[in-house]
Amino acid sequence: MTATPAKSSPLHDQHVALGAKMADFGGWSMPIEYSGAGVVAEHAAVRERVGIFDVSHLGKALVSGLGAVDFINGTLTNDIHRIEAGSAQYTMCCADDGGVIDDLIAYRVSNDEVFLMPNAANTSGVVAALHDAAPAGITVTGQHDDYVVIAVQGPRSEAVLARVGLPTSHGYMTFVDADLDGATVRVCRTGYTGERGYELVARSSHAQALWRSLVDAVTAQDGLVCGLGARDTLRTEMGYALHGHELSPDISPVMARTGWAVGWDKPQFWGKEALLVQRREKTGPILAGLLTTGRGIPRPECTVKDAEGLLVGVVTSGTFSPTLKQGIALALLDRSVQVGSEVSVEVRGRLIAAQVVRPPFVALKTR
């Protein structure tokens, strides 16, 4: 059977010209890191100055029609009625058993229009599920290839946007549509790094010009073009869940400690009854952080053992923290394991000492 070729960002040639190391990510060929810098330097640039990422692999979909907001509120977990038009909200699309089809950002444009940004590999599944459930008058349109998404993240991100003439004064988890050289750019105060930042959504036809102007502005602020390798270390330091790791069809919002993104009092949403049972019964593993005290880097699927050597969990994400200069991990652990407990992570047959902590591992600075 012939493998399906990876899709490419509208900025693919720009990445190649900048010496990017490309790899498959959710079915898309995306930059993992750039020559001359590398993941650690790119990570540090975002924490200390500013970095720019192409995240066009993220899905895009539009739910429109009379009552679109009410439809979304009855399907996705979070309560979109809690936010106003011009605001964004983290939410999840769950199956009836409470498993997570995907986690995503919902942008409330108006009562009759919601723009969704799922994960790359799950976009078709989310669009199909919503399409099949949509009542007459509600249209669900996949727009995965229609837009470029560029993230500008870090303490100097505001200066970067100001230099290219984009608005920066709106609050966290809000967005505004701006005109830039005749093109509409949706400027979202969102991100996945834990730093102050923006995600810019524009038509793919305007991708090249927008990218070049932003790269110039980032360079002027002593920032770096960054790949998805740094994006992963940044999000892990914040304890942010990644679908396929901390969330999945087998890992529910209750297990992943993302119940804060569930509108528990809403009349309905997909998976509500199953999730209410999980929350009430408090059974099954639950997500926690691990901070290594021994030498070694935890990796996904590494087992976690308690002081008596009994298996108590498994690592879902693990990496070297460039900020802390030590290994960190997110892990699903038995509920008997308390924060502050000493455990061991088995890495390539060797046990590495670690302490159970509650993420984030570094300070949150999104606002």
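Visitor: Which residues of helix 2 meet helix 7?
Guide: From helix 2 come V39, E42, H43, V46 and R47, and from helix 7 come G229, A230, T233, L234, E237 and M238. They are said to be in contact because they have heavy atoms within 4.5 Å. Helices (H or I, at least four residues) and strands (E, at least two) are DSSP runs, numbered from the N terminus. The model is a predicted one, in which local features need pLDDT of at least 70 and side-chain atom pairs count only at pLDDT 80 or more, while totals for chains, interfaces and linings use all residues. Residues are numbered from 1 along each chain as its sequence is written, and side-chain values use heavy atoms, with hydrogens and water left out.

Visitor: Why are helix 2 and helix 7 called oblique to each other?
Guide: Helix 2 (residues 39–48) and helix 7 pack at about 55 degrees, with their axes 8 Å apart. Axes are lines fitted to C-alpha atoms, for helices over the stretch in contact, and angles run from 0 to 180 degrees between N-to-C directions. Angles under 35 degrees are roughly parallel, over 145 roughly antiparallel, 65 to 115 roughly perpendicular, and the rest oblique. Helix 2 and helix 7 are therefore oblique.

Visitor: What makes helix 5 oblique to helix 6?
Guide: The axes of helix 5 (residues 157–164) and helix 6 (residues 207–220) come within 9 Å and cross at roughly 130 degrees. That angle makes helix 5 oblique to helix 6.

Visitor: Which hand has the crossing of helix 5 and helix 6?
Guide: Helix 5 passes helix 6 in a right-handed crossing. A crossing is right-handed if the near helix is turned clockwise from the far one by less than a right angle, and left-handed if anticlockwise. The residues in contact are V160, R163 and V164 of helix 5 with S213, L214, D216, A217, V218 and A220 of helix 6; by class they are six nonpolar, one polar and two charged.

Visitor: How many residues line the largest pocket?
Guide: The largest pocket holds about 1,200 Å³ of space. Its lining has 45 residues, and Y90, Y192, Y240, A241 and W260 are the closest to its centre. By class, the lining has 27 nonpolar, twelve polar and six charged residues.

Visitor: What makes a set of points a pocket?
Guide: On a 1 Å grid over the protein atoms alone, where a 1.4 Å probe fits, a pocket is an open set with protein on both sides within 12 Å along at least five of seven lines, and lining residues have an atom within 4 Å of a point.

Visitor: Which strand gives the most to the lining of the second largest pocket?
Guide: Strand 13 does, with three residues. The second largest pocket has a volume of about 200 Å³, a volume being the space filled by probe spheres set on grid points joined across faces, edges and corners.

Visitor: Which peptide bond is cis?
Guide: The bond from P359 to P360 is cis, with omega near 10 degrees.

Note on methods. Nonpolar A, V, L, I, M, F, W, Y, C, P; charged D, E, K, R; others polar.
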